Amino acid sequence: MISESATLFGGAVWLLLIASSVWAKYRFAEFDRLPRQFDASLKPTAYSPTWLMVWLTPVIFVAINGFIFALSIFVPAEYLVGDPDAGVIGASLTLIGSQALILWLLDSWARKQS
């Protein structure tokens with residue numbers, strides 16, 4: 001069972017992910033398509049509709065985080081290796097970091113378009 005502080009931290013990450021979507025909706029409103037893949041030199045290699053990058057990616061991240069929450073709650077303790085709180089917090093940090101990287105890449109690209 002995960003602690004209340006890990007649950008609150010995970011919930012805060014969910015709110016940050018949704019807030020980042022709202023920010024991205026307004027930030028990238030002028031674009032019909034946004035990059036979805038970048039090469040090693042950070043140049044776009046593929047594009048997708050704006051709604052996909054703005055809304056679907058964070059929703060997938062929230063679903064992944066929810067799945068990790070569910071695993072730490074419903075999997076019996078004898079099958080867990082390590083601290084469930086550390087797993088939830090680590091996954092939350094990884095997902096919010098991934099979203100930050102995606103938004104940074106998109107923002108860098110958008111600034112070059114202006």
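Colleague: Against which elements do the buried residues of α1 pack?

Modeller: They pack against α2 (50-74) and α3 (84-113). This is a predicted model, in which local features need pLDDT of at least 70 and side-chain atom pairs count only at pLDDT 80 or more, while totals for chains, interfaces and linings use all residues. Residues are numbered from 1 along each chain as its sequence is written, and side-chain values use heavy atoms, with hydrogens and water left out.

Colleague: What makes a stretch of the chain a helix or a strand, and how many of each does the chain have?

Modeller: Helices are DSSP runs of H or I with at least four residues, strands are DSSP runs of E with at least two, and both are numbered from the N terminus. By that rule the chain has three helices and two strands. Their order from the N terminus is α-β-β-α-α.

Colleague: How do you know that the span of α1 is close to the expected one?

Modeller: The expected span is 1.5 Å times one less than the number of residues. Helix α1 covers residues 4-27, which is 24 residues, and the expected value is 34 Å. From first to last C-alpha, α1 reaches 34 Å. Helix α2, with 25 residues, reaches 36 Å, close to the 36 Å expected.

Colleague: What is found at Leu56 in α2?

Modeller: A kink of about 30° lies there, shortly before the proline Pro58. The bend at a residue is the angle between two fitted axes, one for the seven residues ending there and one for the seven starting there.

Colleague: Why is Thr57 called buried?

Modeller: Buried means under 20% relative accessible area, exposed means over 50%, and partly exposed lies in between (1.4 Å probe, protein chains only). Thr57 has 16% relative accessibility, so Thr57 counts as buried. This residue is found in helix α2, where the buried residues also include Met53, Pro58 and Phe61.

Colleague: Which residues is Thr57 in contact with, leaving aside its neighbours within four places in sequence?

Modeller: Contact means heavy atoms within 4.5 Å. On that basis Thr57 is in contact with Leu52, Gln99 and Ile102. As for the helix, the buried residues of α2 pack against α1, β1, β2 and α3.

Colleague: Which residues of α1 are buried, and what share of the chain counts as buried?

Modeller: Among those in α1 are Ala6, Gly10, Val13 and Leu17. Across the 114 residues of the chain, the share is 32%.

Colleague: How do you know that β1 and β2 pair?

Modeller: Two strands pair if DSSP finds at least two bridges between them. β1 and β2 have five bridges, in the antiparallel sense. Leu34 stands opposite Ser48 in β2, and Gln37 stands opposite Ala46.

Colleague: What sets the phi of Leu42 apart?

Modeller: Most residues other than glycine have a negative phi. The phi of Leu42 is near 65°, a positive value in a residue other than glycine. Leu42 is found in the loop between β1 (33-38) and β2 (44-49).

Colleague: Why is Leu42 called partly exposed?

Modeller: Its relative accessible area is 42%, so Leu42 is partly exposed.
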